[in-house]
Amino acid sequence: MKKIILSLIVAASAYASTELFVKSDENILKLKDANVYFGSPATLVKEKGKSKVVKFQGFIDPANPSVIYATKNYKLPLVESKDIKADGEKASIELEIPSQNLTADQALAWEDSGDIFYDKCTKCHGVHAPKEFDMLSWEGLYFSMKDRAQPTDNQEMQILRYLYAHASDGILDEK
Ligand code: HEC
């Protein structure tokens with residue numbers, strides 16, 4: 001009995017720490033009741049056949065309560081939905097997502113956006129690593145460089161998400 005309980009505890013904690021990332025060819029993965037942004041981290045709640053129920057957690061802007069952002073500066077959106085559960089400034093939502101749109105490999109989920117950033121933003125100068133600046137600084141720097149880099153709208157979202165996620169006050173380290 002003791003052994004069973006112990007292994008249950010180990011299994012439960014391993015489960016709780018399973019971090020997954022949204023992998024999508026589109027910038028935004030459209031589900032029935034939610035729009036999920038590529039690269040967003042989530043934790044596994046349960047397996048469900050060819051899909052998984054995952055939980056997204058973050059912060060909510062009272063002025064715009066249908067979006068969960070990764071951090072309190074509301075720069076990196078994770079999920080848009082009417083079904084977000086808010087608890088003060090914190091918010092979460094559980095969503096069922098096709099397993100093919102989730103990966104435990106952070107680098108894979110962020111690969112395309114990183115490629116676009118490095119392609120568009122190293123034509124005239126060396127790499128400025130995302131960690132060099134915080135999100136707010138990147139926002140200003142990006143818009144001062146935008147005319148030079150001439151990204152499409154699609155590429156703009158990818159570059160900005162890549163910079164914000166990996167910024168000095170972002171949520172991820174580059175892999
Ligand atoms: C057409 C050339 C060109 C492209 C493309 C370009 N840059 Fe720049 N960048 C410059 C020049 C020139 C400077 C230095 C002078 C300046 O700051 O205006 C610079 C400076 C910078 C700096 C340093 C600013 C500082 O204050 O230290 C950063 C960061 C930067 N660029 C980021 C980017 C990003 C991000 C992109 C892609 C969206 C990009 N650059 C694309 C020409 C370019």
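Leaving aside its neighbours within four places in sequence, with which residues is Glu 156 in contact? Contact here means heavy atoms within 4.5 Å. The answer is Tyr 142, Phe 143, Lys 146 and Pro 151. This is a predicted model, in which local features need pLDDT of at least 70 and side-chain atom pairs count only at pLDDT 80 or more, while totals for chains, interfaces and linings use all residues. Residues are numbered from 1 along each chain as its sequence is written, and side-chain values use heavy atoms, with hydrogens and water left out.

**Stop 1: Glu 156**

Select Glu 156, which lies in helix H4; helices (H or I, at least four residues) and strands (E, at least two) are DSSP runs, numbered from the N terminus. Glu 156 is buried, with a relative accessible area of 15%. Buried means under 20% relative accessible area, exposed over 50%, and partly exposed in between (1.4 Å probe, protein chains only). Next, display the side chains of Glu 156 and Tyr 142, which are joined by a polar contact of 3.0 Å. A polar contact is a pair of N or O atoms within 3.5 Å; within protein, one must be able to donate a hydrogen and the other to accept it, and residues adjacent in sequence count only if both atoms are side-chain atoms.

**Stop 2: helix H3**

Select residues 135-149, which form helix H3. A kink of about 30 degrees is centred on Phe 143; the bend at a residue is the angle between axes fitted to the seven residues ending there and the seven starting there. Colour Met 135, Trp 138, Tyr 142 and Ala 149, the buried residues of H3. These buried residues pack against helix H2 (106-120) and helix H4 (153-166). Continue to Gln 150, which follows H3 and has a positive phi, near 50 degrees.

**Stop 3: the ligand**

Two distances may be displayed. A polar side-chain atom of His 125 lies 2.8 Å from a nitrogen atom of the ligand, and one of Arg 148 lies 3.1 Å from an oxygen atom of the ligand.

**Stop 4: Ala 107**

Finally, select Ala 107 in helix H2. Ala 107 counts as partly exposed, at 31% relative accessibility.
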